[in-house]
Structures are given as structure tokens and as C-alpha cells.
Amino acid sequence: NARWLADAGAAFLVPQSEFSEQGLADILVALQQDRSRLLTMAVSARNLAKMDAADRVADVCMELANDE
């Protein structure tokens, strides 16, 4: 969920009604010029990561498949 990432400082939340190509370009240029903010966002995203997410999804799929 985008809000969850944005609230944690790992993303920008731009309402769809306000989204534009120019707005996206402006965000990307700003991030390119502010590497420390980009790094902070990357660290925040990494801290939110579920490193075993694929395994967890596979386990649930296998459980569901075995129940049938």
C-alpha cells in the first residue's frame, strides 16, 4: 500500500487526481539532486522489506493446494 510506504518515509504519495508526467519528472529530478533523501528513502524501504515474503506466499499456496 502506497500510504504505508509514504508514512514510513520510503515513498511519495501523489493522489491520482494530481498525478502528471511533469509532476513525476519533478519528483525524479528532485531526488536526483538530493541523494541523501533518496538514500534515506531507500533505507526506510529496506527496513520495511519482508525478506521471506516469497517463501511465505509459497507456503500458503502449498497449504491451500494440500487442503483440496
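Author: Here's a walk through the loop, then the helix pair, then a salt bridge.

A quick word on ground rules: residues are numbered from 1 along each chain as its sequence is written. This is a predicted model, so local features need pLDDT of at least 70 and side-chain atom pairs count only at pLDDT 80 or more, while totals for chains, interfaces and linings use all residues, and side-chain values use heavy atoms, with hydrogens and water left out.

Let's start with F12, which sits in the loop between α1 (2-7) and α2 (21-33). Helices here are DSSP runs of H or I with at least four residues, numbered from the N terminus. F12 is partly exposed, at a relative accessible area of 33%; buried means under 20%, exposed over 50%, and partly exposed in between, using a 1.4 Å probe and protein chains only.

Leaving out residues up to four places away in sequence, L13 touches A2, R3 and A6, where contact means heavy atoms within 4.5 Å.

Now the helix pair. The axes of α2 and α3 (residues 35-48) come within 5 Å and cross at roughly 100 degrees. That makes α2 roughly perpendicular to α3, a label for angles of 65 to 115 degrees. On the α2 side, L31, Q32 and Q33 meet R35, R37, L38 and M41 of α3. Also in α3 is S44, buried at 15% relative accessibility. S44 touches A8, G9 and A10, not counting residues up to four places away in sequence.

Last stop: the side chains of R56 and D52 meet in a salt bridge, at 3.6 Å from N to O. The rule asks for a side-chain nitrogen of Lys or Arg within 4 Å of a carboxyl oxygen of Asp or Glu, and the count comes to 1. R56 is partly exposed at 47%, and D52 is partly exposed at 36%.

Technical notes. Helices (H or I, at least four residues) and strands (E, at least two) are DSSP runs, numbered from the N terminus. Axes are lines fitted to C-alpha atoms, for helices over the stretch in contact, and angles run from 0 to 180 degrees between N-to-C directions. Angles under 35 degrees count as roughly parallel, over 145 as roughly antiparallel, 65 to 115 as roughly perpendicular and the rest as oblique.
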